[in-house]
Amino acid sequence: MTTPYYIPETNIPLPPVDADVISTACDYCIVACGYKVYRWPVRGGKVGGPKADQNAFGVDFPVEILGPWVAPNQYNVVLHENEPHHVIIIPDKDAKHVNINGNSSIRGGAIAQKVYNPQTPTRDRLKSPMIRMFGVLMPVPWDFALEIAAEVGKHVIEKHGANAYCVKTFSYGYMENTYAITKYALRHISTANFTFHDTPSDVTSTPGFRDAGFDNFGPAYEDWRDAETLMICGTDPYESKTILFTDWIMPAIQGGQKTIFLSPRNTGGIAYAVKNGGMWIDLLPGTDLPVVLAIARVIVENGWQDDEWIRNWVNNKSESSSGFGQGTRNTPWQWRTTWGKFQTGGFDDWKKWLLEQDYAVPEKAAEIAQIDVAKIYTAAEWLAKPREDGSRPKASFMIEKGFYWSNNTGNTNAISALGITCGAGGRPGQMIGRAGGHQRGGLRGGKYPRNKSPEKLPGRRRRAMDTDRYLMSGHTRLAHVIGNTWIQSMCGSQSLSAKFEELTAQNPHQIRSFDKQEIIETLKKRADSGGMVVFDQDIYLVDPIGARFADIIFPAAGWGEDTFTRANGERRIRLYPKFYDPPGEAKPDWWIIAQLSKKMGFEGFDWNNSNDVLEEGARFSRGSRKDFFMVKVAAQKEGKTLHQKLGEFGTDGIQGPVMMLDDGSLEGTKRLHDTTRKLPDDGAAGANVFNKKLTHFNSQTGKCNIQKAPWSLFSDYWEWLSPKGDELWTTSGRINERWQSGYDDRRRPYIVQRWPENWVELHPDDAAARGIENGDYVMLYSDRIPVQVDTIIGIEGDDFTFTKLMENGHIKLEKAAITAVAIVTPALKKGVMYMDFLHTSQPANALAGRVVDWISGNYNYKMGVGNVKKIGESPYKHDFRSMSFARRDIA
Amino acid sequence: MAIAMPRQDTASCEFSELARALADIVVNGNNAERCLAVQGLGKLDHPTATDTLIASLRDADPDVRCDAAAALASLNVSAACQPLTDNLREDPDSEAKTQYVKALQTLGADGCHDLLSALAVGRGEHHDIAWDEAYSDWDDWLDVQLAAVEALGVLGAEQAPAVIETALNDPEGQDLWPVACTALARLGRPGMEKLQQLLSQASVLNRKRVAAALAATDPALSGALMRQLAADRDASVRLAVVESAAASASDEILTLGLDDVAPEVRAAAVAGLGQVSTKALDKALNDISPIVVIAACKAIEGAGQPVAGLALVSRTERSLRTKPPEVIAAMLAAAAVAEPRQASALIEDICDHRNTDARVRRVCLRAASTLNMPGLNEMLDQAIASDDQAVRMEAISALADLAKADGPDADRAAVQLAETIAGAKIAAPVGEGDQETGTVVQFVPKKGKQAAGDEGDATIKLDRGGNEMPSADKSDSDGTDEAAQSGQNVDEPPPQSTLQAIMAVNPERMQAGNTVELEDADLSFLEMTGSLVRRRKLDPEAKPPAHLDVRRLAAGVAGDTRKSVLVMALARAATERDAALSDAALSSLRRLADQDIDMSEAQQDMIVLASGNDDGRCRQAIPVLGAIASPESVEAVRNTAGHRSPQVRAASLAALVTAGTLTDEEFASAVSDPDHKVRLAAIEARQQTGHPGMVALLLEQARMESGRHKHEVAKLLATGPSDALPTLTDWIAGADTQSRYLALEMLPVVLAAMAGNKEGHDHAAAS
C-alpha cells in the first residue's frame, strides 16, 4: 500500500564524465565500507548521459543487476566552496577490501541523505552558536559564545577544581577531533570527570580481554570468514554490521562454517545460520557466564582442550605471577589478579577451579539460563572436539555489547578462558575479539588523571570516576557534552534527566540579559550555587541535553564537512575527505576545542587545519593498535601532508599498526597477536615500533592469562534484578535500519515511516497473558530501578558488591516508565522484552539498572526489568501505512 | 598550599595528638585512609609530620607516594629533595614520577638537573631510570617529559637550553614547543639566545609560540627578539608579538604595530596601547579597515573621558551611510564618551528619523541611557515595542539601569518598568490573553471523510513548534479571518505530507505543489505525531510573542533595581498564569528582598502563593516572605514547614533563617528530616549564620548515608572550627572505620578554616 506522506523521487541526474570522484568510507557502523562521492556543479546544468562515454561510471544504462546504478537515496545537492553541487554517494564497486565489489547496508546505502540540504529534513542542522537567554536559545557570534564559555570554564576550574569540569564526549568521531578533545580535557584541564559516550567511566569495555592479553580488535575480517566454528555472543552482525555478515560470514556459513549464537533474541542472521546448520543458544539476559563456563567444562572433562597451544601460549604458575618492570607492581591488570578473585596458577589451576563450580555444570547452567542443555554439549563439540584424524576445528570467538554489557567483567573473563582452551587468539581463523559497534576514531591527547579520581576500590588504586554518579552527587558544575545524548544513553536515564533538570533549568540563576559580562556572572553564580552549566557541541539540537538543559550550543561539522581520519573494526585506517561545506557557521570539533582552549589560555592549539591536528597526534598513536606514525614519516619523506599520504590508500586504507620496510614502503598489520608472523630478527629500524601485541599477547610475559570468572561477584545483582511477580526482563539492541540515536534516521522519510516510534518485542505467551497484540500501545514501567548513588571510596573488601551497596544505602530505587508499540513474536525468549537501544524519546535505558559492574566500572546496559501493560491501540495496529509487525527472524 | 599556622599553634597539645593519630594511620591504616592521612599531614604543618611524609615516599601504594610528594612540596621541606630525586629515578610509576618532578620544581631542588635532563630527552633507561612496562595506548614518558622540560626552566638549570633544543629536535617526539618556549623564556639571557637561534628554522606556528612566550618576560631582556618577530614576514607572528607586547607593556613594539601593513596587527596595537595619542587615534579612525576603527573606538570608550580634537560625532554622522553597522555602533559608543554633548543630538536624530540596524539602535539606547538624554523615556517606550527582541532587551535593560539610580528620573524609569511588567506597553493580540502562540499550520480533512461519531471540528492546528493548538469554536474553524484575528499567519499553506508536519515545514516546497487532502487515518497519525513533536520541542529559533516577551524581560531585570514601586507589579505578575512570567517575577522579588527593600506590598500575594497548590510558586514565594519577616509572613512560612514537598520544606527552613527566627529545635528537626534535601538545606542555611553548635548531631548527620552531606557539614563546622576539632581528632583516633574515614575527609576544610585560609577552604571543599 502506498503512503500519502512518503513519495520517493524517481529520477536523479547521472554524473558527467568530468565529475570529481572522491574516495571515502561510510560514516556509520564499525565495518566502514568504502564509498565514492561523485560531485559536479549545478551551475551550467550539466549532467551525465546514459551511454558509457557520457557518464562518470563509464557504463551504459540501464546497467546489469548489481551494477553501478544509483538510487534516489544516493543523490543530494550540497554547497561546495559556496556553490551548489550535485553529489552521488555510492559504495565503491572497485573495493578490494571490506565491502568487496561494492555491497552496502541499508544504512550506508542511503548515506547521501545524511548531508545537509535545506530542502530536506536535515534543514534543522545547527548552524550557529547559541546561548539560552530568557529561556530561549538565541544565535550569537562564535566569539561571543566562546568567550563566555571560556570565562565560565576558567572560573569553574579555579573555584571548584578541575574535576568540577566534566567532559562527556564521543570516542569515535575521527582522530583529529578526539585528539583535540582529549588534549583539552586530559592534558590541559586535567579533569578526572571525563568519559566517553557509552560508559560512565573512562575504563576498558572488556576487562576480561585486557587481563587475558587480547586486544579488542585484533582479528581481521577474514579471520571470521576462515573460522570453522564461529561463536558469536551478544550480537547479530547482520542487524548491526551488515556487510561483515553478508560479505564475510554468510559465505563461510555457505561453505560449512558452524555458527553458534548466544542471544535471547532470534534475528535474520541467526535464522540464516540455524537454517544452514548453525545453533542459537537462547539464554536469559545476564546468564552467559554459566553457559560459557559449562561449555568449557565439557571441553576439559573430555580432554578436548588444545594442549599444545596452552603449553606454548598460556602463562603457567610462575609466569602468572611474574613482574611488571621494576619495583612496585600496580597496574590495572595486576590489582585484579593479585586480589585473588581472578588470577590462576595456569591452565591446570584454572581447570581445577572450574570443575569446583556448580554453576558450570551443564545441567545447572542450562537451568540458570533456561536453555536446552544439549546445546551446551553440542557447542563444546563444535568448538573443540578433535576430528578422527586428530586435527582440531579452527574456532573463533566474536563478542559484542549484548554479551559484555550484561556481566561485564565476568563474561569477558569467561569467554577469554573458553577461547584459550580452544586454542584461539593468535592464528588465522582462530581469533578472539569484538565485532565492534562504531568505528575507531579515538586518538589520545592526554592521559586520564586517575589519581585525581575520588573513587578508590578497597585496597586498590583509584579507579576512573563514575561521571554519572559524580553529577548526581552535585559535584559537576560544568558539563561539556560533545556529540552524544548522554542522558538517554545511560542506564536509569529518567532519574539522570531529573537531576539535570534540577541542576540547570530549576536553578535560580538563569540568563536574563544579553550582556556578555552579565551572562558570564550569571553562569558563574549558577555553578557556585551548586547548580550546573551545560555546553553542548553537536550537529543537531538534541533533546533534552541541548534543547532543554544546554546554556551554550556549539554547532559542529561532521562527515564530509572537513577532512578526517578513522579506522574500522579490523584497524583499517582511511581518509574521509571534505567534499562539501558545513552548514552555516558550523565548525569541526577540533576547531571549536582549539578556539575555546586558546581563549582559556591553553597553549598548543594553533592548528590551521585538520591535517595539522593529525600530524601532531601521530606521535601519540605509536605503539597503539592504530599506530600510523610511520605514514607521517613517509609523508614527510615524500614532501606530502599526512592527509595527502593517507588519501593515496583510497578505500583500501591501511591496517594499523603500520610499519615502514627497509625500502621505504609501508606495510599494514593484518591481525594482532599473530603468533605466525615473523618480524625482522634485528628488531625495529628507524621510528618503527615493534609492540609486543604484534606477535604476542598484551600481558606481562606475552602469553595469555587464563582467569577465573566467579559467578558470585555478579549473581547477587542478577538474582535481585531477576523478574519478580509479573515483571519481565527488558533488554535492548540495534536494528538494521537505524544507526545510534537515529539522529540521521529521524530525518529520513522512509525510516521515519518504517519506525516512527520505539517498539517492544514480546513473546506471544507473555503478550497473551497481558492481553497485548501486535500494534498495541504498551507502557513499560517499573518502580524498582536500582540506581547507585554517591561517590564513595571502598574501605572494606566488599563495599562495592551490590549487596553491600544496598545495605549501606547507596542503592535507591527509582521509578521509570516508557511507552512503545508492541510487536508480538516468537523470535524472543519467553520472559524477555526487547527494544531499540537508543530511541531518544522512548529510551529503553530508562528501565536498565544504573549499577556499575563493580570490578570494571561499566554499566550492564542490557539488563533491566519491568512490567508491561496495554494502554491502547496505536495507529499502526490496523493500518499497513507505517510500521510492520512481520517477523524479522527469517532466512 | 599548606595552611600557614604559627608553629607554636600547631605544636600545641591538641595538634600533636592529631598529628600522632594521622601518622598512625599512615603506617597502619588501609590504603584509602592512608592517602587522606598523608594529605592531612600536608595541611597540618606539624613538626613531627616531615619524617612521616618522607618515609611515605617509600610507601607501597603509589597514590600515597604521590600525596606525600605533594605534601612535602606544599610544606616546603627542603630535606625531601634528595629522597624525591632518588624516587624519581627508582619509582617505576609514571604518575608518581610526574608528581616528584613537580615537587622538586616547587622546592627549587638543584641536585636533580641531570636526571631531569635525561627525562627531557628520553626514558633515561641508560641512567637506570625505572619504568613500569607500558600497558596501554598511552606512552607514560610523555607526561614526565613535559614536566621535566618545565622544571628545567623553572629551576634555571645550566644545561637546560641545550637539553631543550635536543628534545625539540627529536623527530619522533611530541610537540614540545609551547612548554619549551615558556621554559626557555624563563631562563633569562641564555634562554633568549637559544630562542633566537631556534627562530631561524622555526615554522610560523612555532614563531608564534616564541612570541607568545615573551609575554611574561622583561622587555629589556626580550627586546631584540621581539623586534625581530615584529618584522616577521608572517602577519600572524607579528600579531602574536604585538599581543605579547601588550601583556608585557612594551610600548616600543606596540608603536611599531600601529604602522603595520596588516589591519589585525594595527588593531591589536591600538588595543594594546590603550592610552593612545590623539594623533594616533585620528590615524586609526581614518583607517580603511573596520577592525582598526573599531579598536580605536573601543580605546576611546575604555578611556571613559571626553577627548578633544577628534570630531568623532561629525565623523560618525558622515559615516552613517557608508560604514557597516558594527563600525557605526562602535563610533557612536565612543562618541558618547568622547563628545557627550554633541553625541546627544546625533543619537536623538538617529532614533527619531533613521531606520537603522538593530545593533546601532541598541548602542543608541545604551548611550542615551548613559547620557540621560531628554526624551529618553519616550525613546525607551518606542524601543520596548520594537520587533527586534535584542532592541527590546536593550531598552528594558536600560530602564533597569536607570531605575537603579536615585532621583526623579530613576523613579520615572521604575514606573515605566512597572507598567511594562503589568503589560501596559504592548497589548496582547485579541483573543490570546497571555497564551503563547506562534505561526499556525492548519490541517483540513477531506470533506465527507470525517471520522464517524466525531461531531466536532476535525481540524488540527499545529504551531511552528509542532504543538497542537487548543481547539477553537466551530465558527473559528475555517476561513482566514479568524486566523488573522488571532495573529496567525494566514499565508501559511498546508503541508504536502504528514511527514512535513512532523518535521519543520518547508514553505517553499509547500507552495510548489497542490493541496493534499488527508484521510481519517492521517488525522489519527497526526494526533500521535503531534504528541511526539510536542515532546521534542526542537525548534531552536522559536521566539516568544512580543507582548509576553517584554513582560518577562522586565520582570526578570526588575530585581536588580532598588525601587519599591516595582514590588506590587512583580507580586501581581507572580500570580499570573504564564509560568515564565511568574518565575521571572518571583526571582526578582527575591532579589529585591535581598536588598532590604520594603516588600510589604507583596505580602498578601506571597501568602496566597505560599498556601496554594502550586509547589513551584510556593517554594519561590517563601523566601520573599522570609525577607518581609513580619509576624504574618513568618507565620505563613512556618505553616509550610510540614509541607508535603521537600523542596518547599527546605525553602521554609531557609526563609526562617533569613527572618532570623529559626529555633534550635527547628534546626535539629530539619537536620533529622526524612528527605535529604531538607537536611542539606538546614546545614547550608546554618552556614550563613555560622557557629554550628550541636557538633555531635552534625557529625552524625555527616555519617548518614555514607557521608553524602559530609562536605556541607564540614563547611558548617568550619564556621566554628575550634569546637569541631576535638571531636574530629577523637574520630580520627577512634576504632570505627567509617567515622575515621569521614573525619579524615573533613579535616582539611576545618583546618583551612582555622588558618583563615579561604583558598585552602575552597580548594578542600571542592576536592
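In this predicted model, A:Met133 has A:Val136 in strand 6 of chain A as its bridge partner. Strand 5 and strand 6 of chain A run antiparallel and are joined by 4 bridges. Two strands are said to pair if DSSP finds at least two bridges between them. Helices (H or I, at least four residues) and strands (E, at least two) are DSSP runs, numbered from the N terminus. Strands 5 and 6 of chain A form a hairpin with 2 residues between them, and A:Phe134 in the turn has a positive phi of about 55°.

Residues are numbered from 1 along each chain as its sequence is written, while chains are lettered from A and ligands numbered from 1 in the order in which they are written. The model is predicted, so local features need pLDDT of at least 70, side-chain atom pairs count only at pLDDT 80 or more, and totals for chains, interfaces and linings use all residues; side-chain values use heavy atoms, with hydrogens and water left out.

Strands of a sheet pair through backbone hydrogen bonds, either parallel or antiparallel. Within this sheet, strand 17 (residues 533-538) and strand 18 (residues 552-555) of chain A pair in the parallel sense over 4 bridges. There A:Gln537 has A:Phe554 in strand 18 of chain A as its bridge partner.

Contact means heavy atoms within 4.5 Å.

Another open sheet in chain A has 5 strands in the order 11-10-9-12-13, with parallel pairing. Strand 11 (279-281) and strand 13 (432-434) of chain A each have a single partner strand, so one side of each is left without a neighbour in the sheet. The twist here averages 15° from one strand to the next. Strand 12 (residues 395-399) and strand 13 of chain A pair in the parallel sense over 3 bridges, and A:Ile399 stands opposite A:Arg434 in strand 13 of chain A. Helix 16 (residues 408-421) of chain A packs on the sheet, touching strand 9 (229-233), strand 12 and strand 13 of chain A, and its direction makes about 170° with that of strand 12 of chain A. Helix 7 (residues 268-275) of chain A lies across strand 10 (258-262) and strand 11 of chain A, running at about 140° to strand 10 of chain A.

Helices also pack on one another. Helix 8 (residues 288-302) and helix 14 of chain A pack at an angle of about 60°, with their axes 8 Å apart. Helix 8 and helix 14 of chain A are therefore oblique to each other; angles under 35 degrees count as roughly parallel, over 145 as roughly antiparallel, 65 to 115 as roughly perpendicular and the rest as oblique. Residues of helix 8 of chain A, including A:Val291 and A:Ile295, meet residues of helix 14 of chain A, among them A:Ile376 and A:Leu383.

Helix 14 (residues 373-384) of chain A also packs with helix 13 (residues 362-369) of chain A, at about 120° and with axes 8 Å apart. This pair is therefore oblique too. A:Pro362, A:Glu363, A:Ala365 and A:Ala366 in helix 13 of chain A meet A:Val373, A:Ile376 and A:Tyr377 in helix 14 of chain A.

Some loops hold a cis peptide bond. One joins A:Phe61 and A:Pro62, with omega about 0°, and A:Pro62 lies in the loop between strand 2 (34-41) and strand 3 (75-80) of chain A. The peptide bond from A:Gly656 to A:Pro657 is also cis, with omega near -10°.

Terms used: Axes are lines fitted to C-alpha atoms, for helices over the stretch in contact, and angles run from 0 to 180 degrees between N-to-C directions.
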